[in-house]
Amino acid sequence: MSNEEGESLEVWIDQDLCTGDGICAQYAPEVFELDVDGLAYVKGEDDELRQAPGATAPVPLKLLNDVVDSAKECPGECIHVRRVADRVEVYGPDAG
Ligand code: SF4
């Protein structure tokens with residue numbers, strides 16, 4: 001899937017499928033973090049975990065490769081990266 005440079009992307013995690021292995025938090029600790037419940041959540045620049053179901057965080061361009069690698073390696077297949085503009089998934093289990 002291609003990504004035009006500068007295209008705004010956001011990421012969310014389906015915690016129902018998260019195994020808590022922490023791979024995402026190793027690849028992109030700026031965007032993913034494990035909470036005390038052992039599940040991974042996204043976070044933004046304020047470093048606050050976004051825990052509402054389906055909550056998204058922006059994907060900074062400089063972290064895109066790390067976030068995409070996280071989505072590819074995620075054993076729960078529960079990291080979803082989508083375009084902000086039309087909410088179409090570009091990386092993750094539902095990407096075309
Ligand atoms: S890589 Fe996937 S399964 Fe593993 S902690 Fe992160 S979101 Fe959960």
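**View 1. Valine 31 and its contacts in the predicted model.** This view, like the others, comes from a predicted model. Valine 31 touches Val11, Val42, Lys43, Ala57, Val59, Leu63 and Val67. Residues up to four places away in sequence are left out of that list. Valine 31 also belongs to the largest nonpolar core, and is one of the residues there that touch the most other members.

**View 2. The largest nonpolar core.** This core holds 23 residues. Val11, Ile13, Val31, Val42, Val67, Ile79 and Val81 touch the most other members. Several elements give two or more residues to the core: strand S1 (9-13), helix H1 (23-27), S3, helix H2 (64-73) and strand S6 (79-83). S1 gives the most, with four residues. In soluble globular proteins, nonpolar side chains tend to be buried together.

**View 3. The three-strand sheet.** Three strands line up in the order S2-S3-S4 to form an open sheet. Their pairing is antiparallel. Strand S2 (32-34) and strand S4 (49-50) stand at the edges. Each has a single partner strand, so one side of each has no neighbour in the sheet.

**View 4. Where S2 meets S3.** S2 and S3 run antiparallel and are joined by three bridges. Look for phenylalanine 32, which stands opposite valine 42 in S3. The hairpin of S2 and S3 has five residues between the strands. In this hairpin, glycine 38 takes a positive phi near 85 degrees.

**View 5. Where S3 meets S4.** Strand S3 (residues 40-43) is joined to S4 by two bridges, and the two run antiparallel. Valine 42 stands opposite arginine 50 in S4. Lysine 43 has leucine 49 as its bridge partner in S4. Five residues lie between the strands in the hairpin of S3 and S4. There, aspartate 47 takes a positive phi near 70 degrees.

**View 6. The four-strand sheet.** Four strands form an open sheet in the order S5-S1-S6-S7. The pairing is antiparallel. Which strands stand at the edges? They are strand S5 (57-58) and strand S7 (89-91). Each of these has a single partner strand, so one side is left without a neighbour in the sheet. Helix H2 packs on the sheet and touches S1, S6 and S7. The direction of H2 makes about 135 degrees with that of S6.

**View 7. Strand S1 and its partner S5.** S1 and S5 pair in the antiparallel sense over two bridges. Glutamate 10 stands opposite proline 58 in S5. Valine 11 has alanine 57 as its bridge partner in S5. Four of the five residues of S1 are buried, so S1 is largely enclosed by the rest of the structure.

**View 8. Strand S1 and its partner S6.** Five bridges join S1 to S6, and the two run antiparallel. Tryptophan 12 has histidine 80 as its bridge partner in S6. For isoleucine 13, the bridge partner in S6 is isoleucine 79. Isoleucine 13 and isoleucine 79 are also among the core residues that touch the most other members. Like S1, strand S6 has four of its five residues buried, so S6 is largely enclosed by the rest of the structure.

**View 9. The hairpin of S6 and S7.** S6 and S7 pair in the antiparallel sense over two bridges. Valine 81 has tyrosine 91 as its bridge partner in S7. Five residues lie between the strands in this hairpin. Among the hairpin's residues, arginine 87 takes a positive phi near 60 degrees.

**View 10. The shell around the ligand.** How many residues surround the ligand? There are 16. The closest are Cys18, Cys24, Ala40, Cys74 and Gly76. By type, the shell divides into 10 nonpolar residues, five polar and one charged.

Methods. Residues numbered from 1 in each chain as written. Predicted model: local features only at pLDDT ≥ 70, side-chain atom pairs only at ≥ 80, totals over all residues. Near = placed C-beta within 6 Å. Nonpolar A, V, L, I, M, F, W, Y, C, P; charged D, E, K, R; others polar. Pairing = 2+ DSSP bridges. Core = buried A, V, L, I, M, F, W, Y, C linked by C-beta atoms within 7 Å. Buried ≥ 20, exposed ≤ 12 C-beta atoms within 10 Å, placed from the backbone. Contact = placed C-beta atoms within 7 Å. Axes fitted to C-alpha atoms, helices over the stretch in contact; angles between N-to-C directions.
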